Amino acid sequence: MTEEFPLAPDLCHLNHAAVGPWPRRTAEAVARFAEENASQGSVGYPQWLGVEQRLRERLARLIAAESADDIALAKNTSEALSIIAHGLSWSPGDNIVGIRQEFPSNRIVWESLADRGVEWRALDLAASSDPEPDLLALCDASTRMIAVSWVQYASGLRLDLEGIGAFCRANDILFCVDAIQGLGALPFDLASTRADFVVADGHKWMLGPEGVALLYVRPELRDTLSLHQFGWHMVEHCGDFDRTHWTPAASARRFECGSPNLLGVHALEASLSLLEEVGMNKVWEGIQARADHLIALIDRRGFDLVTPRESERRAGILTFRVPGVASDHLYPALMGRRVLCAHRGGGIRFSPHFYTPLEVIDRAMETLDQIVRG
Ligand SMILES: Cc1ncc(COP(=O)(O)O)c(C=O)c1O
């Protein structure tokens with residue numbers, strides 16, 4: 001796999017939960033697209049639309065959606081969440097149940113509905129030893145939606161989506177999943193999770209660029225979302241510029257108002273082609289092996305693992321603390337020594353991907369040892 005990831009040999013890239021590196025084929029697809037634009041202009045536009053369609057198909061397969069028509073391409077996760085939050089009709093007194101420690105986009109978007117009388121109720125994970133039952137216990141007859149991340153960005157906790165989804169379906173509650181910290185790392189199955197909405201930007205575990213995100217809306221719900229962005233691209237008869245009467249596209253394209261981000265589309269399509277070639281089961285096996293390896297190194301040093309230890313409770317994120325050493329001291333020291341990581345949840349967050357050489361993980365931990373020894 002190293003030929004697909006020409007990362008600088010002195011760099012320990014353990015930051016896929018922030019912004020992943022591009023595979024070589026992605027860098028080449030972007031370079032080809034740039035060259036084509038420079039020398040041919042948009043002569044190849046029809047072929048570019050073919051790449052866009054392939055991307056929708058790949059994303060549909062990644063979440064096991066029935067059709068590429070169910071996939072909209074948004075700018076980012078936050079935009080996709082905003083389309084959902086401000087597309088649904090709410091009544092004063094409705095509530096949305098979520099998690100207090102969520103990434104800000106997953107809190108702010110729901111809080112932005114407060115002026116419509118909608119309450120965002122959040123579970124404090126710090127006070128919960130069993131998150132799913134505690135989350136469900138916050139629901140009542142006024143709960144319209146449960147909105148959570150599949151994998152928590154700071155602690156790396158992976159939720160049991162199937163259990164939450166079954167509860168939502170049984171109680172007529174909508175289920176919105178921010179899948180950005182899981183998609184591209186482990187298999188996702190729409191049918192068993194029963195998610196009504198799935199959102200995820202492509203720049204983390206999917207190894208794509210920033211600026212192209214998946215927005216899945218369950219087809220039955222599509223036209224219950226009011227639209228707030230309009231333009232030539234979101235209409236049923238897209239491209240028929242002489243037409244004066246229009247209706248929103250029947251497909252998820254109705255959520256895309258104007259020109260697509262074709263540069264980003266070319267990049268993400270190439271990145272997903274690699275993940276599909278490897279296969280999501282193999283990708284997930286690779287990540288688990290690296291996570292197990294890292295946990296053994298963390299344990300051997302007596303560091304505190306913030307991420308749950310059980311494999312069904314985590315994905316690719318491992319956050320830990322070094323007793324007696326402040327993480328805000330460790331983080332810049334690691335970054336200064338070319339260990340690309342993050343400072344999250346009061347600890348150091350490492351997030352290797354399936355291809356990360358074990359030697360890179362070992363080297364990062366040895367660098368950490370040197371910093372701790374002073
Ligand atoms: C759970 C979660 N949601 C969303 C995002 C990013 O949102 P966006 O794609 O809008 O930049 C992140 C990035 O760290 C995240 O961890």
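## A quick tour: the ligand, then the salt bridges

Start by selecting the ligand and what sits around it: Asn76, Thr77, Ser78, Phe103, Ser149, Tyr153, Asp178, Ile180, Gln181, Asp201, His203 and Lys204. Keep in mind that this model is predicted. Colour that shell by class and you'll find three nonpolar, six polar and three charged residues.

Now zoom in on a few side chains. Pick Thr77, where a side-chain N or O atom is 2.6 Å from an oxygen atom of the ligand. Next, click Ser78: a polar atom of its side chain lies 2.5 Å from a ligand oxygen. Then go to Gln181, which has a side-chain N or O atom 3.0 Å from an oxygen atom of the ligand. How much of the ligand does the protein bury? Of the 400 Å² that the ligand exposes when taken alone, 88%.

Side chains of opposite charge can pair when their charged atoms come close. The count here comes to 25 salt bridges.

Select Arg58 and Glu276, whose side chains meet in one of these, at 2.4 Å from N to O. Arg58 belongs to helix H2 (residues 45-63) and Glu276 to helix H8 (residues 262-278), so this pair ties together parts 218 residues apart in sequence. Arg58 counts as buried, at 15% relative accessibility, while Glu276 is partly exposed at 32%.

Two more stops. Arg121 pairs with Glu119, with 3.2 Å between the closest N and O atoms; Glu119 is partly exposed, at 38%. Finally, find Arg218 and Glu220, a salt bridge with its closest N and O atoms 3.7 Å apart. Glu220 counts as exposed, at 56% relative accessibility.

Technical notes. Residues numbered from 1 in each chain as written. Predicted model: local features only at pLDDT ≥ 70, side-chain atom pairs only at ≥ 80, totals over all residues. Heavy atoms only, no water. Near = heavy atom within 4 Å. Polar contact = N/O pair within 3.5 Å; in protein donor to acceptor, adjacent residues only side chain to side chain. Areas by Shrake-Rupley, 256 points an atom, 1.4 Å probe, with all protein chains shown as cover. Nonpolar A, V, L, I, M, F, W, Y, C, P; charged D, E, K, R; others polar. Salt bridge = Lys/Arg side-chain N within 4 Å of Asp/Glu carboxyl O. Helix = DSSP H or I, 4+ residues; strand = E, 2+ residues; numbered from the N terminus. Buried < 20%, exposed > 50% of the residue type's maximum accessible area, 1.4 Å probe, protein only.
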